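Q: Can you walk me through this one? I'd like quick answers, pocket to begin with.

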Amino acid sequence: RPIYSATAQLQGISAAWTGGQPHFVFAPTPPPSEVRILALEPGGLRASGSPSPFLHSGTALPYTPRFSPDGRTIAYAGLLNNGVEIWAADADGTNHRQLTHLGSKDGAFPKWSPDGRHIVLQPIVTATAVRQIYVLDLDASGGGTTRMLTHSNVMGVGLPSFSLDGKYIYASTHHSPIVPIPAVPVPPGRRVAVCAPPRPPGPPR
């Protein structure tokens, strides 16, 4: 049976155990829209009440929220002055802080590494409208530094996610299947390109 019946399509759905009970955070579409939190009853099989508004930053309009692996932090994309950056807040919706300053047109769908020390994102930061994959390395103060992981001229780079061991990021392009990209810092002067592996020859026509 459904846990909760929504009246609109939901995006950025993420779950964590916080405050002694399981919770979902999500945002109705189309984005940007109001992020809401839904508490579940013990056992996680039924909603405990209705979703309530969440992540009131007072600055950026939040969407695509994502709980950290330990459930203590929520990363989200925040729309401010026609630009999108990655923000974070504590799990109770307080202590908002801006994590990136890329001047991005679109930085939606931040995703955490398994150890909670990195966030991968897919912003558009140039006038060419080509997405690139960035990794945000977090520090103990709650801030972080951003590094560009790909230098691709392929349209449609996106859907990045960390592997379970955190060593790779899997991503796709408009013209290729999902490909692995090393998630380790790239040495100076070296570029990591997103490209499709060689395709096997097709049947003769």
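Q: How much space lies in the largest pocket?
A: About 230 Å³ of space lies there. A pocket is found on a 1 Å grid over the protein atoms alone: an open set of points where a 1.4 Å probe fits, with protein on both sides within 12 Å along at least five of seven lines. Grid points are joined across faces, edges and corners, and the volume is the space filled by probe spheres set on the points.

Q: What should I know about the model itself?
A: This is a predicted model, where local features need pLDDT of at least 70 and side-chain atom pairs count only at pLDDT 80 or more, while totals for chains, interfaces and linings use all residues. Residues are numbered from 1 along each chain as its sequence is written, and side-chain values use heavy atoms, with hydrogens and water left out.

Q: Back to the pocket. Which residues lie nearest its centre?
A: T73, R97, W112, G116 and L138. The lining has 14 residues in total, each with an atom within 4 Å of a point.

Q: And how does the lining split by class?
A: Four nonpolar, five polar and five charged. Ala, Val, Leu, Ile, Met, Phe, Trp, Tyr, Cys and Pro count as nonpolar; Asp, Glu, Lys and Arg count as charged; the others, Gly among them, are polar.

Q: New topic. How many helices and strands does the chain have?
A: Zero helices and 15 strands. Both are DSSP runs numbered from the N terminus: helices are H or I with at least four residues, strands are E with at least two.

Q: Which strands form the open sheet of four?
A: The order is β9-β10-β11-β12, with antiparallel pairing. The edge strands are β9 (111–112) and β12, and each pairs on one side only. Two strands pair if DSSP finds at least two bridges between them.

Q: What holds paired strands together in general?
A: Strands of a sheet pair through backbone hydrogen bonds, either parallel or antiparallel.

Q: Tell me about β11. How many bridges does it share with β10?
A: Four, in the antiparallel sense, with β10 at residues 118–121. V120 stands opposite V135 of β11, and I119 has L136 as its bridge partner.

Q: And how many bridges join β11 to β12?
A: Five, and these two also run antiparallel. There, L138 stands opposite G144. L138 is also one of the residues nearest the pocket centre.

Q: Which residue in the hairpin of β11 and β12 takes a positive phi?
A: G142, near 95 degrees. The hairpin has five residues between the strands.

Q: Is β11 mostly covered or mostly open, and how many of its residues are buried?
A: It's mostly covered: four of its five residues, 134–138, are buried. Buried means under 20% relative accessible area, exposed over 50%, and partly exposed in between (1.4 Å probe, protein chains only).

Q: What phi does T64 have?
A: About 45 degrees, a positive value, although T64 is not a glycine. T64 lies in strand β5, residues 61–67. T64 is buried, at 2% relative accessible area.

Q: Where is N95?
A: N95 sits in the loop between β7 (83–90) and β8 (97–98). N95 has a positive phi too, about 60 degrees, and is not a glycine. N95 counts as partly exposed, at 46% relative accessibility.

Q: Last one: is G49 buried or exposed?
A: Exposed, with a relative accessible area of 52%. G49 is found in the loop between β3 (36–39) and β4 (52–53).
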